[in-house]
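This report describes the fold, the central sheet, the packing of the helices and the pockets of one protein.

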Amino acid sequence: MTEWKNRIVGHGTKPANQFQANPNNFRTHPQSQRRAVKASLDDLGWVNVVIENSLSGNLIDGHERVWNALKQGEETEVPYIQVELSEAEEAQALLSLDPIAAMAGTEAAKMDELLKQVQTDNADMQEFLSGLAEENGLYFG
């Protein structure tokens with residue numbers, strides 16, 4: 001059995017303008033996603049950290065959240081964790097985090113129950129949730 005290394009070497013908050021976008025980030029962010037991320041931040045605040053490689057200073061995850069924070073103001077505090085990864089490991093993490101998460105399936109009945117619990121007046125969040133419901137053959141609204 002392989003022993004898993006803890007690569008997390010730090011955490012905290014710092015201003016949005018102190019993060020460095022990863023020049024190898026292959027993910028794009030359509031306007032619909034930008035609106036959904038901002039709506040989530042507006043409704044819920046920070047519920048997840050961004051991930052920064054302590055060796056390169058590059059973001060590995062959270063580019064869109066940092067972008068939204070910058071739109072709020074360059075000094076907007078952003079929660080983060082730092083990991084220590086080599087250049088090759090950083091590339092692997094960059095390539096795999098989002099695609100692995102996207103592999104998860106959906107239990108429609110549980111999603112339907114969750115959708116019934118959500119109360120928001122945020123039009124962008126409402127649009128996102130309606131689209132999510134529609135993609136999964138559910139009604140929301």
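## Basis and overall fold

Two strands are taken as paired if DSSP finds at least two bridges between them, and helices (H or I, at least four residues) and strands (E, at least two) are DSSP runs, numbered from the N terminus. This is a predicted model, in which local features need pLDDT of at least 70 and side-chain atom pairs count only at pLDDT 80 or more, while totals for chains, interfaces and linings use all residues. Residues are numbered from 1 along each chain as its sequence is written, and side-chain values use heavy atoms, with hydrogens and water left out.

The protein has five helices and four strands, which follow one another along the sequence in the pattern β-α-β-β-α-β-α-α-α. Its C-alpha atoms fill a box of roughly 45 × 45 × 25 Å along the principal axes. Of the 141 residues, 31% count as buried, where buried means under 20% relative accessible area, exposed over 50% and partly exposed in between, with a 1.4 Å probe and protein chains only. Contact means heavy atoms within 4.5 Å; among contacts between residues at least 6 apart in sequence, 80% join residues at least 24 apart.

## The sheet

The four strands form an open sheet in the order β1-β4-β2-β3, with mixed pairing. Because β1 (8-15) and β3 (59-61) stand at the edges with a single partner strand each, one side of each is left without a neighbour in the sheet. From one strand to the next the twist averages 35°, where axes are lines fitted to C-alpha atoms, for helices over the stretch in contact, and angles run from 0 to 180 degrees between N-to-C directions.

Strand β2 (residues 50-53) runs antiparallel to β3, to which two bridges join it, whereas four bridges join β2 to β4 in a parallel arrangement. On the β3 side, Ile-51 stands opposite Asp-61 and Glu-52 stands opposite Leu-59; towards β4, Val-50 stands opposite Tyr-80. In the hairpin of β2 and β3, five residues lie between the strands, and Gly-57 takes a positive phi near 80°.

In a regular strand the side chains alternate between the two faces of the sheet. In β2, Val-50 and Glu-52 point one way, Ile-51 and Asn-53 point the other way, and all are buried. Ile-8, found in strand β1, counts as partly exposed at 47% relative accessibility. Leaving aside neighbours within four places in sequence, Ile-8 is in contact with Ile-81, Gln-82 and Val-83. The C-alpha atoms of Ile-8 and Ser-54 are separated by 9.3 Å, although these residues are 46 apart along the chain.

## Helices against the sheet

Helix α2 (residues 63-72) lies across β2, β3 and β4 (77-83), and runs at about 115° to β3. Helix α3 (residues 87-102) also packs on the sheet, where it touches β2 and β3, and its direction makes about 30° with that of β3.

Asn-68 lies in helix α2 and is buried, with a relative accessible area of 5%. Not counting residues up to four places away in sequence, Asn-68 touches Arg-34, Val-37, Lys-38 and Leu-41.

## Pockets

On a 1 Å grid over the protein atoms alone, a pocket is an open set of points with protein on both sides within 12 Å along at least five of seven lines, a cavity is a set where a 1.4 Å probe fits but cannot get out, and lining residues have an atom within 4 Å of a point. Grid points are joined across faces, edges and corners, and a volume is the space filled by probe spheres set on the points. The largest pocket has a volume of about 1200 Å³ and is lined by 35 residues, of which Gln-33, Val-37, Arg-65, Asp-98 and Phe-128 lie nearest its centre. At least two lining residues come from each of α1 (31-44), β3, α2, α3, α4 (108-117) and α5 (123-135). This lining divides into 20 nonpolar, 10 polar and five charged residues, with Ala, Val, Leu, Ile, Met, Phe, Trp, Tyr, Cys and Pro counted as nonpolar, Asp, Glu, Lys and Arg as charged, and the others, Gly among them, as polar.

The second largest pocket holds about 280 Å³ of space, and its lining includes Ile-51, Ile-60, Ile-81 and Val-83. Helix α3 gives the most to this lining, with five residues. The lining of the second largest pocket divides into seven nonpolar, two polar and two charged residues.
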